Amino acid sequence: MEHLHNQLDMNTFLLITLVMVLATFIVRFSVISMAGSFEMPERLKKTLRFVPVTVLPAIIAVEILGSGSDMEFNLHNPKVLAAIVCTLVSLRFNLIWVVISGIGSLLLFQQLFNLYC
Amino acid sequence: MNTLIKAGFKSIFPLCIGAFPFSFIVGAISINAGMTLGQSTFWSLTVFAGSSQMVALGLIQSSASILVIMLTTFIINLRHLLYSASLSEHIKDYPIHIRALMAYGLTDEVYAATIGEVKQEKAGRHWFYLAAMMGFWMNWVFANFLGALVGSSFPEIAHYGLDFAMVAAFIAIVIPQVKSRECIVAAIVASVTGILLSGLPYSLGLVVAAITGVYAGYRMDISSENMAIQAQVTKPVEVLPAVNSEV
């Protein structure tokens, strides 16, 4: 976990910021800039609804299971168990409770595995 | 004008409460990913896109390339095309710089809180919209600042599962959205593709996974529509014989 605290250098930071501002603004301004003279096809509108439900699950899966040869898909991976807790909690409660229960259950499962495995 | 500004602030207030913890978490994680307090605050002030910021932090931590960060930001924000299209109908008479400013702050929350009022096309509605947008923006930056402050005051916070906070937040965002059969298939296809391609450099697997998942969802839509049409054709004789006999 030590590698997490490497500092971002200023040029990389500014480049990331600039690129993200552009990518965000271009999408938001796209149709508004042509206001009134452009109608988006119905099919495109309908298909765009899949974007959030594909990007986020893919990130979740990779974050939980790890990537490449470090992959760990079994119930001995405390992140898999904590993610199941998060999913159940999210059916009834809002974001902040999901996050709290997620971190809480992850710490708990990690402790349990350290003790018994 | 003052009434419109007040009404704008009032309409965004509940959404500010909802977004506060989200931005707070983004701020805390950004410290984890190597940003300073000042960088993190400046970043939220300029980028102003919650889920993209959260995803970018994950990518920064896994040393993804600039190109992947840009592509992913673009893909995640594609849903804003819908807001852009919907809003443009009602603000087409405003000069380009007002429209540009309105577009800059067009987040999920601002759209949700203002579209009802903007649709009525009353005079001065841009004041209502801009007030809501500014309120949300200030709340967003402030919450991020507090999160970053907490994150940098407790450097050992990294060892207590802060990066898992991001995963938990994503689960909370995505679960309520996965309702239909089509969305479930798209989500599963994207996840499996993402896992299979997770060995690709620069997190490129995520981009391919998103595109594959969206394509799967699109094919599901087409087949569902075809089935609906076929069901309609056969309905009078096969599916609803009871109704037929009454006639």
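In this structure, which is a predicted model, 72 residues of chain A are in contact with 90 residues of chain B. The area buried between chain A and chain B comes to about 7200 Å², and carbon and sulfur atoms give 77% of that area. On the side of chain A, the three residues A:M20, A:R28 and A:I32 supply 11% of the area that this chain buries against chain B, which is more than any other three residues supply.

**Polar and charged pairs across the interface**

Between chain A and chain B there are 14 residue pairs in polar contact, counted where both residues have pLDDT 80 or more. The interface of the two chains also holds 3 salt bridges, while a search of the whole structure gives 5 salt bridges over all chains. One of the salt bridges is formed by the side chains of A:R43 and B:E225, with 2.6 Å from N to O. Because A:R43 lies in helix α2 of chain A and B:E225 lies in helix α11 of chain B, this pair joins two chains. In general, side chains of opposite charge can pair when their charged atoms come close.

The counts for the contact between the chains can be set side by side.

| Item, chain A and chain B | Value |
|---|---|
| Residues of chain A in contact with chain B | 72 residues |
| Residues of chain B in contact with chain A | 90 residues |
| Residue pairs in polar contact | 14 residue pairs |
| Salt bridges across the interface | 3 salt bridges |

**What chain A brings to the contact**

The elements that give two or more residues to the side of chain A that touches chain B are α1 (10–33), α2 (42–48), α3 (50–65), α4 (78–90) and α5 (95–116), which belong to chain A. Of these, α1(A) gives the most, with 19 residues. When the residues on this side of chain A are divided by kind, 47 are nonpolar, 16 are polar and 9 are charged.

**Chain B and its nonpolar patch**

Chain B has 12 helices and 0 strands, and its C-alpha atoms fill a box of roughly 75 × 55 × 30 Å, taken along the principal axes. A nonpolar surface patch of about 460 Å² is made by B:L67, B:M70, B:L71, B:L200, B:L204 and B:V208. The patch residue B:M70 is found in helix α4 of chain B.

How values were computed
Residues numbered from 1 in each chain as written. Chains lettered and ligands numbered in written order. Predicted model: local features only at pLDDT ≥ 70, side-chain atom pairs only at ≥ 80, totals over all residues. Heavy atoms only, no water. Contact = heavy atoms within 4.5 Å. Buried area = accessible area lost by both parts, 1.4 Å probe. Salt bridge = Lys/Arg side-chain N within 4 Å of Asp/Glu carboxyl O. Polar contact = N/O pair within 3.5 Å; in protein donor to acceptor, adjacent residues only side chain to side chain. Helix = DSSP H or I, 4+ residues; strand = E, 2+ residues; numbered from the N terminus. Nonpolar A, V, L, I, M, F, W, Y, C, P; charged D, E, K, R; others polar. Patch = residues over 30% accessible without salt bridge, like charges linked within 9 Å, V, L, I, M, F, W, Y side chains within 5 Å. Areas by Shrake-Rupley, 256 points an atom, 1.4 Å probe, with all protein chains shown as cover.
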